Amino acid sequence: MSLIEITEVKKRFGDNEVLKGINIDVAAAEVIAFIGKSGSGKSTLLRCINGLETIDEGSITVAGAQLLPDEIHLKALRLKVGMIFQQFNLFPHLTAGRNVMLSQMVVKKVTEKDAEAMARNMLDRVGLGHKFDAYQEELSGGQQQRVAIARALAMQPMALLCDEITSALDPELVNEVLAVVKELAKEGMTLLMVTHEMRFAREVCSRVVFMHQGRVHEIGPPEEVFANPKTPELNQFLGVTEH
Amino acid sequence: MNYTFDFSSIGSYLPVLFNGILVTIELIAVGATFGVALGIFCAWARALGPIWLKPIVAGYVELIRNTPFLIQLFFIFFGLPSIGIQLTEMQGAMLTMVINLGAYSCEIVRAGIQATTKGQFEAGWSLGMTRFETFRYVVLIPSLQRIWPALSSQIVLVMLGSAVVSQIAAEDLSFAANFIQSRNFRAFEIYFLATAIYLALAITLRQLLRGLGWWLFPRKATR
(Lines give C-alpha, C1' and ligand atoms only; values in the text may rest on other atoms or scores of the structure.)
Protein backbone atom coordinates (compact mmCIF):
# COMPACT_ATOMS: atom_id res chain seq x y z
CA MET A 1 0.00 0.00 0.00
CA SER A 2 1.15 3.49 -0.74
CA LEU A 3 2.16 5.83 2.03
CA ILE A 4 0.65 8.89 0.35
CA GLU A 5 -2.38 8.60 -1.89
CA ILE A 6 -3.45 11.58 -3.94
CA THR A 7 -6.64 10.84 -5.84
CA GLU A 8 -8.43 13.08 -8.37
CA VAL A 9 -7.49 16.21 -6.44
CA LYS A 10 -8.97 19.44 -7.74
CA LYS A 11 -8.34 22.85 -6.25
CA ARG A 12 -9.74 26.22 -7.24
CA PHE A 13 -8.88 29.73 -6.16
CA GLY A 14 -12.09 31.49 -7.16
CA ASP A 15 -12.58 30.84 -10.88
CA ASN A 16 -8.99 29.77 -11.35
CA GLU A 17 -8.60 26.00 -11.23
CA VAL A 18 -4.98 25.42 -10.19
CA LEU A 19 -5.16 21.64 -9.73
CA LYS A 20 -7.21 19.84 -12.35
CA GLY A 21 -7.39 16.26 -11.13
CA ILE A 22 -4.11 15.05 -9.71
CA ASN A 23 -3.41 11.34 -9.12
CA ILE A 24 -0.14 10.29 -7.53
CA ASP A 25 0.64 7.43 -5.18
CA VAL A 26 3.88 7.60 -3.23
CA ALA A 27 5.47 4.54 -1.64
CA ALA A 28 7.41 4.75 1.62
CA ALA A 29 11.04 5.84 1.16
CA GLU A 30 10.39 7.32 -2.27
CA VAL A 31 11.97 10.68 -3.06
CA ILE A 32 9.91 12.66 -5.51
CA ALA A 33 10.78 15.93 -7.20
CA PHE A 34 8.06 18.20 -8.50
CA ILE A 35 9.24 20.40 -11.33
CA GLY A 36 7.46 22.84 -13.58
CA LYS A 37 6.92 26.51 -14.28
CA SER A 38 5.64 28.81 -11.57
CA GLY A 39 1.87 28.67 -11.57
CA SER A 40 1.85 25.02 -12.62
CA GLY A 41 0.36 24.03 -9.25
CA LYS A 42 3.32 22.16 -7.74
CA SER A 43 3.58 24.27 -4.57
CA THR A 44 -0.20 24.27 -4.12
CA LEU A 45 -0.25 20.49 -4.33
CA LEU A 46 2.46 20.22 -1.68
CA ARG A 47 0.60 22.64 0.61
CA CYS A 48 -2.58 20.57 0.20
CA ILE A 49 -0.80 17.43 1.41
CA ASN A 50 -0.04 19.24 4.69
CA GLY A 51 -3.50 20.76 4.92
CA LEU A 52 -2.33 24.34 4.48
CA GLU A 53 -4.75 24.49 1.56
CA THR A 54 -8.12 22.79 1.37
CA ILE A 55 -9.13 20.82 -1.71
CA ASP A 56 -12.38 21.12 -3.62
CA GLU A 57 -12.57 17.57 -4.95
CA GLY A 58 -10.76 14.27 -4.57
CA SER A 59 -8.89 12.96 -1.58
CA ILE A 60 -5.46 12.97 0.01
CA THR A 61 -4.39 10.46 2.64
CA VAL A 62 -1.03 10.03 4.34
CA ALA A 63 -0.61 6.70 6.15
CA GLY A 64 -4.35 6.50 6.64
CA ALA A 65 -4.79 10.09 7.84
CA GLN A 66 -7.16 11.87 5.51
CA LEU A 67 -7.14 15.54 4.62
CA LEU A 68 -10.32 17.00 6.14
CA PRO A 69 -10.82 20.62 7.15
CA ASP A 70 -11.41 20.21 10.91
CA GLU A 71 -8.63 20.66 13.44
CA ILE A 72 -8.61 17.06 14.71
CA HIS A 73 -8.09 15.59 11.25
CA LEU A 74 -5.61 18.29 10.30
CA LYS A 75 -3.54 17.56 13.40
CA ALA A 76 -3.55 13.81 12.67
CA LEU A 77 -2.44 14.50 9.10
CA ARG A 78 0.28 16.95 10.11
CA LEU A 79 1.71 14.48 12.62
CA LYS A 80 2.30 12.12 9.68
CA VAL A 81 3.80 14.65 7.32
CA GLY A 82 6.08 17.60 8.09
CA MET A 83 6.79 20.62 5.97
CA ILE A 84 9.82 22.80 5.26
CA PHE A 85 9.32 26.25 3.74
CA GLN A 86 11.22 28.45 1.36
CA GLN A 87 11.47 31.20 4.00
CA PHE A 88 12.56 28.86 6.88
CA ASN A 89 9.96 30.42 9.22
CA LEU A 90 11.92 29.86 12.41
CA PHE A 91 10.27 31.33 15.50
CA PRO A 92 12.32 34.50 16.14
CA HIS A 93 11.73 34.64 19.90
CA LEU A 94 13.14 31.16 20.50
CA THR A 95 16.63 29.68 20.26
CA ALA A 96 17.34 26.99 17.69
CA GLY A 97 16.95 24.35 20.38
CA ARG A 98 13.68 25.82 21.65
CA ASN A 99 12.39 25.98 18.07
CA VAL A 100 12.87 22.23 17.85
CA MET A 101 11.43 21.60 21.33
CA LEU A 102 8.27 23.71 21.12
CA SER A 103 5.91 21.62 19.04
CA GLN A 104 6.98 18.40 20.75
CA MET A 105 5.92 19.86 24.08
CA VAL A 106 2.78 21.62 22.85
CA VAL A 107 1.43 19.03 20.42
CA LYS A 108 2.79 15.72 21.73
CA LYS A 109 2.97 16.74 25.41
CA VAL A 110 6.54 15.45 25.60
CA THR A 111 8.32 16.47 28.82
CA GLU A 112 10.82 19.31 28.60
CA LYS A 113 13.70 16.94 29.31
CA ASP A 114 12.77 14.48 26.58
CA ALA A 115 12.04 17.30 24.12
CA GLU A 116 15.48 18.75 24.78
CA ALA A 117 17.16 15.38 24.27
CA MET A 118 15.30 14.96 20.98
CA ALA A 119 16.16 18.52 19.93
CA ARG A 120 19.89 17.99 20.60
CA ASN A 121 19.72 14.73 18.71
CA MET A 122 18.00 16.32 15.68
CA LEU A 123 20.27 19.36 15.63
CA ASP A 124 23.24 16.98 15.67
CA ARG A 125 21.69 15.16 12.76
CA VAL A 126 21.67 18.33 10.65
CA GLY A 127 25.17 19.24 11.85
CA LEU A 128 24.10 22.05 14.21
CA GLY A 129 24.46 20.46 17.64
CA HIS A 130 26.67 23.40 18.68
CA LYS A 131 23.99 25.97 17.77
CA PHE A 132 21.39 24.88 20.31
CA ASP A 133 21.34 28.28 22.06
CA ALA A 134 21.63 30.45 18.94
CA TYR A 135 18.82 32.76 17.83
CA GLN A 136 17.94 33.01 14.15
CA GLU A 137 19.83 36.27 13.59
CA GLU A 138 23.00 34.47 14.68
CA LEU A 139 22.51 31.82 12.00
CA SER A 140 23.14 31.90 8.27
CA GLY A 141 20.25 31.15 5.92
CA GLY A 142 21.54 27.63 5.37
CA GLN A 143 21.79 27.04 9.10
CA GLN A 144 18.29 28.40 9.65
CA GLN A 145 16.93 26.03 7.05
CA ARG A 146 18.72 23.11 8.68
CA VAL A 147 17.17 24.07 12.03
CA ALA A 148 13.79 24.09 10.28
CA ILE A 149 14.51 20.57 9.02
CA ALA A 150 15.48 19.45 12.53
CA ARG A 151 12.28 21.02 13.87
CA ALA A 152 10.16 19.04 11.40
CA LEU A 153 12.11 15.81 12.03
CA ALA A 154 11.65 16.09 15.79
CA MET A 155 7.93 15.41 15.28
CA GLN A 156 8.97 12.06 13.74
CA PRO A 157 6.89 12.39 10.58
CA MET A 158 6.62 9.58 8.02
CA ALA A 159 7.18 12.00 5.16
CA LEU A 160 8.59 15.48 4.62
CA LEU A 161 7.38 18.09 2.16
CA CYS A 162 10.03 20.51 0.96
CA ASP A 163 8.67 23.61 -0.75
CA GLU A 164 11.56 25.19 -2.67
CA ILE A 165 13.71 24.96 0.42
CA THR A 166 16.87 26.26 -1.24
CA SER A 167 15.33 29.04 -3.34
CA ALA A 168 15.85 31.76 -0.73
CA LEU A 169 19.48 30.81 -0.09
CA ASP A 170 22.66 32.32 -1.38
CA PRO A 171 24.24 29.93 -3.91
CA GLU A 172 27.11 28.95 -1.59
CA LEU A 173 24.63 27.86 1.11
CA VAL A 174 22.48 25.64 -1.09
CA ASN A 175 24.72 22.60 -0.87
CA GLU A 176 24.80 22.33 2.92
CA VAL A 177 20.99 22.08 2.92
CA LEU A 178 20.88 19.65 0.00
CA ALA A 179 23.49 17.49 1.74
CA VAL A 180 21.15 17.13 4.72
CA VAL A 181 18.24 16.25 2.44
CA LYS A 182 20.37 13.71 0.62
CA GLU A 183 21.30 12.11 3.93
CA LEU A 184 17.60 11.89 4.87
CA ALA A 185 16.84 10.26 1.54
CA LYS A 186 19.58 7.72 2.15
CA GLU A 187 18.12 6.91 5.56
CA GLY A 188 14.80 6.08 3.92
CA MET A 189 12.74 9.19 4.65
CA THR A 190 9.91 9.75 2.21
CA LEU A 191 10.45 13.12 0.58
CA LEU A 192 8.31 15.21 -1.73
CA MET A 193 10.11 18.27 -2.93
CA VAL A 194 9.32 21.17 -5.16
CA THR A 195 12.70 22.13 -6.50
CA HIS A 196 14.59 23.95 -9.19
CA GLU A 197 17.78 22.00 -8.46
CA MET A 198 17.68 19.74 -11.50
CA ARG A 199 21.03 18.13 -10.86
CA PHE A 200 19.96 17.24 -7.33
CA ALA A 201 16.65 15.86 -8.60
CA ARG A 202 18.45 13.69 -11.12
CA GLU A 203 20.90 12.40 -8.55
CA VAL A 204 18.66 11.71 -5.57
CA CYS A 205 15.06 11.27 -6.66
CA SER A 206 13.31 8.02 -7.44
CA ARG A 207 10.68 9.80 -9.53
CA VAL A 208 10.24 13.17 -11.10
CA VAL A 209 6.83 14.77 -11.63
CA PHE A 210 6.58 17.47 -14.28
CA MET A 211 3.53 19.60 -13.67
CA HIS A 212 2.00 21.82 -16.30
CA GLN A 213 -1.17 23.92 -16.05
CA GLY A 214 -2.52 22.11 -13.00
CA ARG A 215 -1.95 18.58 -14.28
CA VAL A 216 0.72 15.91 -14.00
CA HIS A 217 2.15 16.24 -17.46
CA GLU A 218 4.90 13.65 -17.20
CA ILE A 219 6.00 11.34 -14.43
CA GLY A 220 8.79 8.80 -14.26
CA PRO A 221 12.27 7.97 -13.05
CA PRO A 222 14.68 10.89 -13.51
CA GLU A 223 16.83 9.25 -16.15
CA GLU A 224 13.72 8.83 -18.33
CA VAL A 225 12.16 12.21 -17.66
CA PHE A 226 15.34 14.20 -18.09
CA ALA A 227 16.96 12.25 -20.89
CA ASN A 228 13.89 11.49 -22.88
CA PRO A 229 11.09 14.01 -22.41
CA LYS A 230 7.95 12.89 -24.21
CA THR A 231 6.15 16.20 -24.47
CA PRO A 232 7.18 19.49 -26.07
CA GLU A 233 6.28 21.33 -22.82
CA LEU A 234 8.80 19.36 -20.77
CA ASN A 235 11.36 19.65 -23.52
CA GLN A 236 10.93 23.39 -23.52
CA PHE A 237 10.99 23.59 -19.70
CA LEU A 238 14.22 21.62 -19.49
CA GLY A 239 15.71 23.71 -22.26
CA VAL A 240 14.91 26.83 -20.30
CA THR A 241 16.33 25.64 -17.00
CA GLU A 242 19.39 23.78 -18.19
CA HIS A 243 21.80 25.88 -20.16
CA MET B 1 5.00 88.45 43.93
CA ASN B 2 5.03 88.26 47.70
CA TYR B 3 3.82 84.72 48.22
CA THR B 4 5.65 82.86 50.95
CA PHE B 5 6.11 79.18 50.16
CA ASP B 6 5.32 76.92 53.05
CA PHE B 7 5.79 73.23 52.47
CA SER B 8 5.89 72.55 56.21
CA SER B 9 2.11 72.90 56.39
CA ILE B 10 1.86 69.65 54.42
CA GLY B 11 3.77 67.71 57.07
CA SER B 12 0.80 66.70 59.15
CA TYR B 13 -0.99 65.42 56.03
CA LEU B 14 1.81 63.12 54.88
CA PRO B 15 -0.09 59.94 55.86
CA VAL B 16 -3.00 61.07 53.63
CA LEU B 17 -0.62 61.76 50.78
CA PHE B 18 1.16 58.45 51.27
CA ASN B 19 -2.13 56.58 51.26
CA GLY B 20 -3.05 58.38 48.04
CA ILE B 21 0.17 57.23 46.39
CA LEU B 22 -0.51 53.63 47.42
CA VAL B 23 -4.05 53.79 46.02
CA THR B 24 -2.78 55.17 42.69
CA ILE B 25 -0.19 52.38 42.52
CA GLU B 26 -2.84 49.81 43.33
CA LEU B 27 -5.15 51.21 40.65
CA ILE B 28 -2.52 51.08 37.91
CA ALA B 29 -1.27 47.65 38.98
CA VAL B 30 -4.75 46.15 38.72
CA GLY B 31 -5.78 48.30 35.76
CA ALA B 32 -2.66 47.50 33.71
CA THR B 33 -2.63 43.76 34.45
CA PHE B 34 -6.26 43.07 33.66
CA GLY B 35 -6.53 45.82 31.06
CA VAL B 36 -3.69 44.39 28.98
CA ALA B 37 -5.03 40.86 29.45
CA LEU B 38 -8.43 42.04 28.19
CA GLY B 39 -6.68 43.87 25.35
CA ILE B 40 -4.80 40.74 24.28
CA PHE B 41 -8.00 38.71 24.32
CA CYS B 42 -9.83 41.35 22.27
CA ALA B 43 -6.91 41.65 19.84
CA TRP B 44 -7.00 37.88 19.32
CA ALA B 45 -10.76 38.05 18.80
CA ARG B 46 -10.56 40.88 16.27
CA ALA B 47 -7.59 39.51 14.34
CA LEU B 48 -8.09 35.74 14.53
CA GLY B 49 -11.25 34.99 16.48
CA PRO B 50 -14.60 33.53 15.40
CA ILE B 51 -16.58 35.66 13.00
CA TRP B 52 -19.51 36.23 15.39
CA LEU B 53 -17.21 37.67 18.06
CA LYS B 54 -15.56 40.29 15.83
CA PRO B 55 -18.42 42.82 15.62
CA ILE B 56 -19.05 42.55 19.37
CA VAL B 57 -15.43 43.35 20.20
CA ALA B 58 -15.27 46.04 17.53
CA GLY B 59 -18.37 47.67 19.06
CA TYR B 60 -16.82 47.65 22.52
CA VAL B 61 -13.53 49.10 21.27
CA GLU B 62 -15.16 51.90 19.30
CA LEU B 63 -17.54 52.75 22.15
CA ILE B 64 -14.72 53.15 24.64
CA ARG B 65 -12.28 54.92 22.34
CA ASN B 66 -14.85 57.51 21.31
CA THR B 67 -16.22 58.52 24.70
CA PRO B 68 -14.55 60.40 27.60
CA PHE B 69 -12.96 58.45 30.44
CA LEU B 70 -14.83 60.60 32.97
CA ILE B 71 -18.22 59.71 31.48
CA GLN B 72 -17.31 56.01 31.44
CA LEU B 73 -16.38 56.33 35.11
CA PHE B 74 -19.62 58.11 36.01
CA PHE B 75 -21.70 55.64 34.05
CA ILE B 76 -20.12 52.67 35.82
CA PHE B 77 -20.17 54.22 39.31
CA PHE B 78 -23.35 56.29 39.26
CA GLY B 79 -25.28 54.69 36.41
CA LEU B 80 -24.96 50.98 37.09
CA PRO B 81 -26.50 51.10 40.60
CA SER B 82 -29.82 51.97 38.89
CA ILE B 83 -29.85 48.45 37.43
CA GLY B 84 -28.69 46.93 40.71
CA ILE B 85 -24.92 46.83 40.20
CA GLN B 86 -23.43 48.59 43.21
CA LEU B 87 -19.67 49.07 43.23
CA THR B 88 -17.33 50.63 45.79
CA GLU B 89 -15.28 53.65 44.66
CA MET B 90 -12.22 51.45 44.20
CA GLN B 91 -14.12 48.75 42.31
CA GLY B 92 -15.68 51.36 40.04
CA ALA B 93 -12.31 53.04 39.41
CA MET B 94 -10.54 49.74 38.69
CA LEU B 95 -13.28 48.43 36.44
CA THR B 96 -13.30 51.63 34.40
CA MET B 97 -9.53 51.57 34.01
CA VAL B 98 -9.56 47.91 32.93
CA ILE B 99 -12.33 48.52 30.38
CA ASN B 100 -10.64 51.67 29.10
CA LEU B 101 -7.14 50.20 28.75
CA GLY B 102 -8.63 47.00 27.34
CA ALA B 103 -10.04 48.88 24.35
CA TYR B 104 -6.92 50.92 23.61
CA SER B 105 -4.49 48.05 24.09
CA CYS B 106 -6.69 45.87 21.88
CA GLU B 107 -5.92 48.08 18.92
CA ILE B 108 -2.22 48.29 19.76
CA VAL B 109 -1.79 44.53 20.20
CA ARG B 110 -3.85 43.85 17.10
CA ALA B 111 -1.39 45.88 15.04
CA GLY B 112 1.39 43.64 16.36
CA ILE B 113 -0.51 40.46 15.52
CA GLN B 114 -1.37 41.63 12.03
CA ALA B 115 2.28 42.39 11.30
CA THR B 116 3.06 38.68 11.75
CA THR B 117 4.07 37.00 8.50
CA LYS B 118 1.83 34.23 7.19
CA GLY B 119 4.81 31.90 7.32
CA GLN B 120 4.90 32.02 11.12
CA PHE B 121 1.31 30.79 11.32
CA GLU B 122 1.93 28.13 8.68
CA ALA B 123 5.05 26.90 10.45
CA GLY B 124 3.05 26.46 13.65
CA TRP B 125 0.15 24.73 11.90
CA SER B 126 2.40 22.44 9.86
CA LEU B 127 3.95 21.20 13.12
CA GLY B 128 0.50 20.10 14.28
CA MET B 129 -0.34 23.04 16.52
CA THR B 130 -3.96 24.17 16.61
CA ARG B 131 -4.85 27.72 15.66
CA PHE B 132 -4.99 28.72 19.30
CA GLU B 133 -1.69 27.02 20.19
CA THR B 134 -0.02 28.74 17.27
CA PHE B 135 -1.30 32.10 18.51
CA ARG B 136 -0.28 31.41 22.09
CA TYR B 137 3.21 29.96 21.52
CA VAL B 138 4.32 31.34 18.15
CA VAL B 139 2.57 34.61 17.37
CA LEU B 140 1.88 36.31 20.69
CA ILE B 141 5.33 37.03 22.09
CA PRO B 142 6.86 38.51 18.90
CA SER B 143 3.65 40.51 18.41
CA LEU B 144 3.89 41.99 21.90
CA GLN B 145 7.55 42.72 21.35
CA ARG B 146 6.75 44.74 18.23
CA ILE B 147 4.30 47.01 20.02
CA TRP B 148 5.79 47.02 23.52
CA PRO B 149 6.88 50.70 23.44
CA ALA B 150 3.42 51.82 22.29
CA LEU B 151 1.72 49.62 24.86
CA SER B 152 3.99 50.96 27.60
CA SER B 153 3.04 54.53 26.68
CA GLN B 154 -0.63 53.67 26.82
CA ILE B 155 -0.25 52.14 30.28
CA VAL B 156 1.50 55.30 31.52
CA LEU B 157 -1.29 57.39 29.99
CA VAL B 158 -3.90 55.39 31.85
CA MET B 159 -1.94 55.79 35.09
CA LEU B 160 -1.90 59.56 34.63
CA GLY B 161 -5.54 59.53 33.57
CA SER B 162 -6.41 57.73 36.79
CA ALA B 163 -6.30 61.15 38.52
CA VAL B 164 -9.89 61.49 37.32
CA VAL B 165 -11.12 58.75 39.68
CA SER B 166 -10.92 61.23 42.55
CA GLN B 167 -14.19 62.51 41.06
CA ILE B 168 -16.03 59.50 42.46
CA ALA B 169 -14.12 59.83 45.75
CA ALA B 170 -11.67 57.00 45.14
CA GLU B 171 -8.89 58.09 47.49
CA ASP B 172 -5.99 58.21 45.05
CA LEU B 173 -3.12 60.71 44.89
CA SER B 174 -5.28 63.42 43.29
CA PHE B 175 -7.96 62.93 45.89
CA ALA B 176 -5.36 63.30 48.63
CA ALA B 177 -3.98 66.48 47.04
CA ASN B 178 -7.46 67.97 46.72
CA PHE B 179 -8.24 67.02 50.30
CA ILE B 180 -5.07 68.58 51.71
CA GLN B 181 -5.58 71.72 49.65
CA SER B 182 -9.10 72.10 50.97
CA ARG B 183 -7.72 71.98 54.52
CA ASN B 184 -4.60 74.14 54.42
CA PHE B 185 -5.30 76.20 51.28
CA ARG B 186 -1.70 75.70 50.17
CA ALA B 187 -2.66 74.99 46.54
CA PHE B 188 0.73 75.82 45.00
CA GLU B 189 2.70 73.63 47.37
CA ILE B 190 0.44 70.62 47.34
CA TYR B 191 -0.16 70.54 43.58
CA PHE B 192 3.54 71.12 42.99
CA LEU B 193 4.22 68.11 45.18
CA ALA B 194 1.50 66.03 43.52
CA THR B 195 2.95 66.90 40.09
CA ALA B 196 6.41 65.81 41.21
CA ILE B 197 5.04 62.54 42.58
CA TYR B 198 3.10 61.77 39.38
CA LEU B 199 6.25 62.51 37.39
CA ALA B 200 8.27 60.15 39.56
CA LEU B 201 5.57 57.47 39.33
CA ALA B 202 5.39 57.77 35.54
CA ILE B 203 9.17 57.54 35.12
CA THR B 204 9.33 54.57 37.48
CA LEU B 205 6.48 52.82 35.68
CA ARG B 206 8.17 53.35 32.31
CA GLN B 207 11.39 51.85 33.63
CA LEU B 208 9.51 48.90 35.13
CA LEU B 209 7.81 48.25 31.80
CA ARG B 210 11.11 48.50 29.98
CA GLY B 211 12.60 45.97 32.40
CA LEU B 212 9.60 43.70 31.92
CA GLY B 213 10.20 43.97 28.18
CA TRP B 214 13.80 42.84 28.56
CA TRP B 215 12.64 39.90 30.62
CA LEU B 216 9.81 38.91 28.26
CA PHE B 217 11.76 39.40 25.03
CA PRO B 218 15.34 38.25 25.50
CA ARG B 219 16.17 38.85 21.84
CA LYS B 220 15.23 41.29 19.16
CA ALA B 221 12.60 39.94 16.79
CA THR B 222 13.82 40.35 13.26
CA ARG B 223 10.51 39.79 11.56
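Figure 1. The model shown is predicted. B:Phe185 is not a glycine, yet its phi is positive, at about 60 degrees. Most residues other than glycine have a negative phi. B:Phe185 counts as exposed because its relative accessibility is 63%, and the cut-off for exposed is over 50%.

Figure 2. With a relative accessible area of 26%, A:Ala63 is partly exposed.

**Figure 3. The interface of chain B and chain A, where the two chains bury about 2300 Å² between them.** Of this buried area, 58% is on carbon and sulfur atoms. The contact involves 24 residues of chain B and 28 residues of chain A.

**Figure 4. Close-up of the salt bridge between A:Arg47 and B:Glu122.** The closest N and O atoms of A:Arg47 and B:Glu122 are 2.6 Å apart. One salt bridge is found across the interface of chain B and chain A. Between these chains, five residue pairs are in polar contact.

**Figure 5. The side of chain B that touches chain A, to which helix H5 (118–126) and helix H6 (131–161) of chain B each supply at least two residues.** H5(B) provides the largest share of this side, eight residues. By residue class, the side of chain B that touches chain A comprises ten nonpolar, seven polar and seven charged residues.

Notes:
Residues are numbered from 1 along each chain as its sequence is written. Chains are lettered from A and ligands numbered from 1 in the order in which they are written. This is a predicted model: local features need pLDDT of at least 70, side-chain atom pairs count only at pLDDT 80 or more; totals for chains, interfaces and linings use all residues. Side-chain values use heavy atoms; hydrogens and water are left out. Buried means under 20% relative accessible area, exposed over 50%, partly exposed in between (1.4 Å probe, protein chains only). Contact means heavy atoms within 4.5 Å. Buried area is the accessible area (1.4 Å probe) that two parts lose on being put together, summed over both. A salt bridge is a side-chain nitrogen of Lys or Arg within 4 Å of a carboxyl oxygen of Asp or Glu. A polar contact is a pair of N or O atoms within 3.5 Å; within protein, one must be able to donate a hydrogen and the other to accept it, and residues adjacent in sequence count only if both atoms are side-chain atoms. Helices (H or I, at least four residues) and strands (E, at least two) are DSSP runs, numbered from the N terminus. Ala, Val, Leu, Ile, Met, Phe, Trp, Tyr, Cys and Pro count as nonpolar, Asp, Glu, Lys and Arg as charged, and the others, Gly among them, as polar.
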